[in-house]
Amino acid sequence: MQYTDKDLNTYREILIQTSAHLTLDGSKIKKGGTKYTQIITKLFSSGTGVQLQTHNLVYWNDPNELVDRLRLLLASQSAGNTGVSNEILSIFEELYESGITKKIPNV
């Protein structure tokens, strides 16, 4: 399958934001598999882009910021990343508590 540079940059950003490419302790990039050898090694060949996601607090003053982050997380989840559900739920709860949404969907 062919990927455009835009596709790869978007995927790299998703990986950086969600840490889906890192081991559970977040100390190194997961190895093995076709995706690793054909894509991830090229995106992070110099060792850059490793960001640890540990108990991040997200401050916002514009609900559009939350919605943008939510869109990114939902795209990541639909691409197979199972580690973003808690943050998705947190954003939905924040939008609900702020009165922006009327209901928290089943995620």
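These legends describe an overview and close-up views of a predicted model. In this predicted model, local features need pLDDT of at least 70 and side-chain atom pairs count only at pLDDT 80 or more, while totals for chains, interfaces and linings use all residues. Residues are numbered from 1 along each chain as its sequence is written, and side-chain values use heavy atoms, with hydrogens and water left out.

**Figure 1. The chain has four helices and zero strands.** Along the sequence the pattern is α-α-α-α. Helices (H or I, at least four residues) and strands (E, at least two) are DSSP runs, numbered from the N terminus. Of the 107 residues, 25% are buried; buried means under 20% relative accessible area, exposed over 50%, and partly exposed in between (1.4 Å probe, protein chains only). Among contacts (heavy atoms within 4.5 Å) between residues at least 6 apart in sequence, 52% join residues at least 24 apart.

**Figure 2. Helix 1 (residues 5-18) crosses helix 2 (residues 34-43) at roughly 85 degrees, and their axes come within 10 Å.** Helix 1 is therefore roughly perpendicular to helix 2. Leu8, Tyr11, Arg12 and Leu15 of helix 1 make the contact with Lys35, Ile39, Ile40 and Leu43 of helix 2. By class, this contact has six nonpolar, no polar and two charged residues. Axes are lines fitted to C-alpha atoms, for helices over the stretch in contact, with angles from 0 to 180 degrees between N-to-C directions. Angles under 35 degrees count as roughly parallel, over 145 as roughly antiparallel, 65 to 115 as roughly perpendicular and the rest as oblique. Ala, Val, Leu, Ile, Met, Phe, Trp, Tyr, Cys and Pro count as nonpolar, Asp, Glu, Lys and Arg as charged, and the others, Gly among them, as polar.

**Figure 3. The buried residues of helix 4 are Ile88, Ile91, Phe92 and Leu95.** Seen down the axis of helix 4, these residues fall within an arc of 100 degrees, so they line one face of the helix; the arc is that of the directions from the helix axis to the C-beta atoms. Their cover includes helix 3 (63-78). Asn86 and Glu97 are exposed, on the face turned away from the buried side of helix 4. Just after helix 4, Gly99 has a positive phi of about 80 degrees.

**Figure 4. Ser76 lies in helix 3.** Ser76 is buried, with a relative accessible area of 2%. Leaving aside neighbours within four places in sequence, Ser76 is in contact with Ile14, Thr18, Asn81 and Val84.
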